[in-house]
Amino acid sequence: MEQRRQDAWRDRRQLVVFAVALVLVFSGASAQIRYSISEELKEGTVVGNIAKDLGIDIGIIKERGFRIVSGSTEPLFHVNQNDGMLYVKRKIDREEVCERVSVCLINLKTVLENPLEIHYVGVEILDVNDHSPSFPENERQLEISESALPGARFQLQAARDADGGVNAVQQYKLSSNDHFRLEVKDRAKDGKVPILYLHKQLDRETSSRHQLLLTAIDGGKPPLSGTVKLYIDVLDVNDNMPVFNKDVYSVTLNENSPIGTKVIQVNASDMDEGLNGEIFYSFGSNANSKLRGLFEIDTIMGEITVKGLIDFESEESFEIDIQASDRGPVPLTTDKSVLIKIVDLNDNSPQIEVASMSSAISEDSRLGTTVALISITDLDAGLNGKVVGYISNEVPFTLTPSIQDNMYAIVTKALLDREKQDHYDLTIVAKDAGEPALSSMTTISVIVSDVNDNSPEFSLSPYMFYVTENNPPGTVICSVRAFDKDENQNSLISYYIVRDGSDTIKVSQFLNINSENGDILALKGFDFEKVKSFDFQVVAKDSGTPSLSSNVTVQIFILDQNDNAPVILYPVSANGTADVVEELPRNVNAGHFVAKVRAYDADIGYNGWLLYSLQEVPDHSLFALDRYTGQIRTLRSFTETDEAEHKLVILVKDNGNVSLSATATVIVKVVEPKEAFAASDVKSYAKEEEENNVTFYLIITLGSVSVLFLTSIIFLIVMQCSIHRDYSSKNLQETNYDGTLCHSIQYRSGDRRYMLVGPRMSIGSTIVPGSNGNTLVVSDRSRVSQEVRQITQ
């Protein structure tokens with residue numbers, strides 16, 4: 001203990017010298033402060049106000065980057081730059097940080113930058129009694145001779161305690177017994193060592209083992225303890241002779257028994273222990289050389305085995321003297337006779353040998369194909385040498401006798417299929433006709449080789465893919481996969497597209513397929529307005545000889561993109577300009593029909609839904625444009641101050657993600673009223689009435705279609721839920737273009753609308769202007785009703 005204190009003082013003195021040297025180097029360094037904390041504190045426990053103790057203003061800690069300089073190991077403490085407090089960063093185990101050190105002092109180096117200032121802080125980790133004394137082993141075995149005299153001492157292993165000082169081991173206790181006492185010796189640096197003292201002489205015949213419990217107790221409050229079980233074995237002296245377990249040993253032995261055959265095993269026991277009780281066996285002195293040439297005895301196990309050829313005709317029995325001796329300093333010996341009777345019996349088992357065997361058999365082999373030749377022999381004669389061979393397990397093979405004696409052929413008795421089983425383990429049994437019969441068994445493996453008898457199979461049939469038009473040339477648009485149950489070259493698949501002169505396949509001329517993985521590439525972009533769908537055949541072909549193949553239909557559906565700008569139908573374009581001149585009498589009333597701009601868009605859905613707006617108008621109070629129909633009407637009557645000519649520029653755009661547009665110009669000339677114009681007004685009024693009637697019917701049609709559409713959506717949702725997940729999609733499968741229903745449903749989550757898209761519309765469906773008859777738009781009912789009211793007004 002004193003030595004540890006001196007070592008600790010020497011370490012602290014070296015730290016002080018090192019700190020003084022650092023002070024001389026760095027002018028900003030200050031004196032060291034010291035804290036004391038207990039080990040095992042929780043993370044985040046406050047150690048001390050380091051900023052205050054070092055006299056550092058809290059306001060400059062962040063600015064100057066006050067931190068702890070740590071080495072390669074994870075730091076144990078950290079400084080909070082907000083309050084200047086020193087905290088525990090992780091739980092500290094004193095025994096881990098300062099192993100076998102009396103004073104556990106951790107030196108921290110703190111730095112403030114700009115200007116550089118270094119401070120040294122020492123944190124002493126105080127020990128707590130958190131470790132129990134422990135022995136190197138839970139159990140300890142000792143051997144003491146029964147001849148040991150009282151007063152003998154046996155040193156035991158001391159217990160170790162990771163704690164130090166008073167928390168270390170202070171005392172030992174021994175469980176109560178009649179033969180042993182405990183002495184404790186203090187060895188300074190090594191602590192207290194327990195010594196076992198023999199108080200009373202041992203007697204192995206009375207008790208061969210003693211069990212004691214040794215307890216080590218430390219000085220903590222409360223004290224902790226550890227135990228070890230002591231097993232003391234009492235060693236014996238050689239005072240007992242070996243004794244055989246039988247009075248008479250007699251055994252029968254078959255003639256021609258193989259060398260090494262066990263004849264009999266004798267067994268003797270000795271009450272002594274160790275070498276005094278260890279027995280070895282040998283032949284007696286009267287055993288002649290002939291007997292020693294036929295038999296041998298295992299000196300350890302007492303097993304008598306055959307050493308030479310045993311022939312019943314030469315000798316019918318043998319009597320052997322066996323001697324058992326112990327290995328004591330003065331060996332003790334006992335003799336015993338063993339009688340061996342030789343019996344003439346069927347003592348040779350049939351021998352199975354594979355004479356010839358094919359490395360593999362083809363799965364298309366015919367019935368009766370020979371796989372292997374088996375030789376079965378028996379050394380016995382007569383009935384003992386007659387052998388029957390057969391295959392014991394259920395396999396498509398059988399064992400048939402060959403023309404030559406003792407030869408058998410393994411042939412197929414059923415057709416093979418490698419895809420179901422690629423190898424068989426045949427258990428061949430050979431049994432002779434002796435009494436009792438002897439048999440032998442061996443197992444051979446038959447490998448079934450593959451032939452190309454399986455065509456490639458596609459994972460789906462047919463394949464359906466959706467491709468957006470204007471796809472970049474050379475990109476993969478879809479992929480097909482096939483697998484082959486065969487192996488090696490027979491399962492190596494290549495893909496190609498069937499090309500012929502039919503119109504349906506012409507589009508596939510612009511496709512290419514990766515022959516190795518089935519990826520299909522488009523060599524050019526698709527145009528929805530030209531081709532909406534097509535299908536073609538893909539063939540998967542294996543590399544077998546001859547090769548097998550299978551084909552699958554691939555259906556491609558082209559999805560529309562907004563790649564067509566609206567086209568103005570009225571006014572008719574001339575030299576790239578769409579304009580028209582309309583003449584109006586000055587005395588027309590508000591709501592008078594002026595003109596109607598007509599346009600269409602080759603796209604479908606939202607991409608083909610057109611909206612009209614006034615891009616340029618000289619007077620916003622004179623004219624109004626219906627955004628859905630393109631009709632231009634007057635908002636009020638003309639006055640004397642209004643201009644005689646008005647130029648209206650109409651913008652027509654679609655509803656694609658990136659909308660496209662076109663413009664038309666309508667020039668309205670205001671003329672003085674005349675009789676002709678009055679007649680024209682009457683005709684215009686009749687036309688307006690007709691359009692109002694059409695609008696009324698349009699509203700009824702929209703309502704009917706909305707109800708029908710909602711019913712269809714509910715039905716489709718129910719049907720979609722019943723379909724397997726693998727075939728679910730946001731787009732319904734396209735039907736043939738000869739029906740009246742739309743061929744797909746598209747849902748736009750941004751506008752919360754459904755669109756029925758198809759080449760034909762059902763009777764009564766509302767067609768959005770410019771949709772080319774391909775799109776039925778169903779909007780929110782409130783919006784539809786509001787827009788209809790605007791049209792009727």
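**Close-up views of a predicted model**

**View 1. The pairing of V387 with strand β30 in the predicted model.** V387 has D432 as its bridge partner in β30. Strand β30 covers residues 423–432, and β27 covers residues 387–391. The two strands, β27 and β30, run antiparallel and are joined by five bridges.

**View 2. The open sheet that holds β27 and β30.** Four strands make up this sheet, in the order β25-β31-β30-β27, and their pairing is mixed. The edges are taken by β25 (361–362) and β27 (387–391). Each of these edge strands has a single partner strand, so one side of β25 and one side of β27 lack a neighbour in the sheet.

**View 3. A nonpolar patch on the surface, formed by V567, L569 and Y600.** Together the three residues have about 240 Å² of accessible area. Y600 lies in strand β45, which spans residues 598–600.

**View 4. Two stretches with pLDDT below 50, residues 12–31 and residues 723–793.** For the chain, the mean pLDDT is 79, and 81% of the residues reach 70 or more. Over residues 12–31 the pLDDT stays under 50, and the model has 20 contacts beyond four places in sequence for this stretch. Residues 723–793 also have pLDDT below 50.

How values were computed
Residues are numbered from 1 along each chain as its sequence is written. This is a predicted model: local features need pLDDT of at least 70, side-chain atom pairs count only at pLDDT 80 or more; totals for chains, interfaces and linings use all residues. Side-chain values use heavy atoms; hydrogens and water are left out. pLDDT is the predictor's confidence in each residue, from 0 to 100. Contact means heavy atoms within 4.5 Å. Two strands pair if DSSP finds at least two bridges between them. Patches are made of residues with over 30% relative accessible area and no salt bridge: like charges are joined within 9 Å, nonpolar side chains (Val, Leu, Ile, Met, Phe, Trp, Tyr) within 5 Å. Accessible areas come from the Shrake-Rupley method with a 1.4 Å probe; for residues, only the protein chains shown count as cover. A salt bridge is a side-chain nitrogen of Lys or Arg within 4 Å of a carboxyl oxygen of Asp or Glu.
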